[in-house]
There are 2 protein chains.
Amino acid sequence: MAKIPGDEPRHGKVTMRDVAQRAGVGLATVSRVINGKPGVAADLIERVNEASRALGYRHDVTASSLRRADRRTATIALVLEDVANPFSSALHRAVEDAARAEDILVLTGSSDEHPEREHELIDTFTLRRVDGLIVVPTGGTDGQLATVRRQGTPIVCVDRLVELDRVDTVTVDNREGTRAAVRRLLDLGHRRIAYLGDMRAIWTARERYEGYLEAHAGAGRPVDERLVRRDIRSAEAAEHAIGEILTAVDDPPTAVFAAQNLLTIGTLRTLQRLGLHDRVALIGFDDFPLADMLRPGVSVVSQDPAEIGLMAARLLLGRINGGDHRHARHAVVPTGYIARGSGEIPPP
Amino acid sequence: MAKIPGDEPRHGKVTMRDVAQRAGVGLATVSRVINGKPGVAADLIERVNEASRALGYRHDVTASSLRRADRRTATIALVLEDVANPFSSALHRAVEDAARAEDILVLTGSSDEHPEREHELIDTFTLRRVDGLIVVPTGGTDGQLATVRRQGTPIVCVDRLVELDRVDTVTVDNREGTRAAVRRLLDLGHRRIAYLGDMRAIWTARERYEGYLEAHAGAGRPVDERLVRRDIRSAEAAEHAIGEILTAVDDPPTAVFAAQNLLTIGTLRTLQRLGLHDRVALIGFDDFPLADMLRPGVSVVSQDPAEIGLMAARLLLGRINGGDHRHARHAVVPTGYIARGSGEIPPP
DNA sequence: CTGAAAGCGCTTACAG
DNA sequence: CTGAAAGCGCTTACAG
């Protein structure tokens, strides 16, 4: 930075040394008091605190972590798909709040679902010596995660199941949430229920499809493969796919289950375009803003990203705060069902 | 953290000292090469790079910043209203991308519009010695911002105007965007246009209201105070307020301008409830997801948070990278208008 | 152009 | 219980 004449000395220049001097004690004692270590005489504690207050001393966490035995930096990192998408940002906020309660800072990064990018982020964060990592894994970095974990950094994976030694996971019950919702459609009398699913490479997508199959099996109903489209990755692709199914199949579906946000919206567009939005039932997985304002309101299987984030933060902070366990834990956060109309349309 | 027997040594333990040894040079030379400083013999550069690569050396930015004259940490901080709201998170993403291009990390925090919380965040971030600060200011921390700036940290304020020495700002043209939109309604023939506005304490809210007044003045039309409600802070309050205006006023408005996201949605709810959504025109300030899927589609004055974020990042990084100026700069990002139907409804 | 030494702000053995 | 010294991983005067 260019030096501008008017500049004051940069940042609170009062150091521990200053506090020690003013309190008339050694540097080590100040350190002990600041860190709340036991075994310091009460009057010294008093003097240090007073000097610290009088001078406006501000502890430098970064510098302290350098020599510290445990290297703690009071920082954790959060690797998301994209900080700008609603699921990610709600998760982010929940983690921020949980971390703040312990004066821990949160670093974030967006992987955009690219393993290389995720790898890079994990690399950056571990180099900055974060105390722990919460990751929505792309699936392509298991080796790296295992290594980082073995080197001592606690890790919690979120949203997708990973099976790594001492790595905790938090997921929702994708399978059960889907099964229950599809079962509702079957119970309403629907016999031909289309299914739109995300990339098979994604664990959640596979689980949700299993739920769809289980619902049919549980009701003793066959699945018509022609009503199923998987590996759909955008709203546009969903628009197209469901359009095909609705028009090209001779015996078209009377209901649709869209296994992801964007696919729900794409389906909706096509239903509106074909004028079928009041005749074909629709349930989506994952809620979205204004779903209640549409006509009909869109029924969804809802997840609670804030709850997921809180859970992940708890597991991580638990390990960081001395409770590092030998075994991996897996928390499952329940899904809900929000009936708004579209999922309650009966078959003709 | 509890030490688990199976743990490997924590983190890449190869240090600059190791590289120096392997390359057969002094520590200072390694530092010079890593930092790309001029005046090192080509063959030494080669040897250092080779040793560095062979050993898998990873530079510790945090440690380096401790002794560094400019104290740079390759970190900037972003103080948002709430990382989970769409405007904030889009801004966040844009800043992340711009910072990443220069290998700079972004710290974020949510002020929730509370000055005390904002103060705390700025405090935390400066203590961690961030190289710069991008802030969506609550308005209650001007003194702190001025001090931090004087101490040398570049600052860019976003979304709201602040007038502080050497603090840059990025805003949108709230006034002009509003004026143009309201003018459209006037040109359509509307004579009674209701106005719903956010807290007067917020600069953007005041600016938008000015735009509403200017449009009327420009068209030589009077403003009826009974159609104006300001200091509205939630969708529910907007629902209520516009309900009152539409039913209690003897000569009800034929159009509504909602000066903020939530207010637009609240208005929409009431219009739908009263069955007026196809008869009363509506324009909102700030776009929102699925606005195009509603019936009618909701017309809005749109801002581009990604553009705002990019702009802010550029101004900040410019100052950080040696271009610190004496004068404050103020960038204004233009707004757009998206016609989707609701704003195009003519008066009866 | 290059390296040995000092030092950034702190913590941690090590003596007392 | 307390303090002087060494050291965390690096950068920066300071000599050569």
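Reader: How are α1(B) and α2(B) oriented to each other, roughly parallel or roughly perpendicular?

Author: In this predicted model, α1(B) and α2(B) are roughly perpendicular to each other, a label for angles of 65 to 115 degrees. Helix α1 (residues 16-23) and helix α2 (residues 27-34) of chain B have axes that come within 8 Å and cross at roughly 105 degrees. Axes are lines fitted to C-alpha atoms over the stretch in contact, with angles from 0 to 180 degrees between N-to-C directions; helices (H or I, at least four residues) and strands (E, at least two) are DSSP runs, numbered from the N terminus.

Reader: Which residues of α1(B) and α2(B) make the contact?

Author: B:Met16, B:Arg17, B:Val19 and B:Ala20 come from α1(B), and B:Leu27, B:Val30, B:Ser31 and B:Ile34 from α2(B). Contact means heavy atoms within 4.5 Å.

Reader: What conventions apply to the numbering and to the model?

Author: Residues are numbered from 1 along each chain as its sequence is written, while chains are lettered from A and ligands numbered from 1 in the order in which they are written. Local features need pLDDT of at least 70, side-chain atom pairs count only at pLDDT 80 or more, and totals for chains, interfaces and linings use all residues, with side-chain values using heavy atoms and leaving out hydrogens and water.

Reader: Changing topic, how much area do chain A and chain B bury between them?

Author: About 6500 Å², with 50% of it on carbon and sulfur atoms. Buried area is the accessible area (1.4 Å probe) that two parts lose on being put together, summed over both. Chain A contributes 73 residues to the contact, and chain B 73 residues.

Reader: How many salt bridges are there between chain A and chain B?

Author: The count is 10, where a salt bridge is a side-chain nitrogen of Lys or Arg within 4 Å of a carboxyl oxygen of Asp or Glu. One salt bridge pairs A:Asp112 with B:Arg93, whose closest N and O atoms are 2.6 Å apart. Over all chains, the structure holds 52 salt bridges.

Reader: Where do A:Asp131 and A:Arg72 lie?

Author: The side chains of A:Asp131 and A:Arg72 form a salt bridge (3.8 Å, N to O). A:Asp131 is in the loop between α6 and β3 (132-135) of chain A and A:Arg72 in the loop between α4 and β1 (75-80), so the pair ties together parts that are 59 residues apart in sequence.

Reader: Which peptide bond involving A:Pro296 is cis?

Author: The bond from A:Arg295 to A:Pro296, with omega near -5 degrees. A:Pro296 sits in the loop between β9 (281-285) and β10 (299-302) of chain A.

Notes:
Angles under 35 degrees count as roughly parallel, over 145 as roughly antiparallel, 65 to 115 as roughly perpendicular and the rest as oblique.
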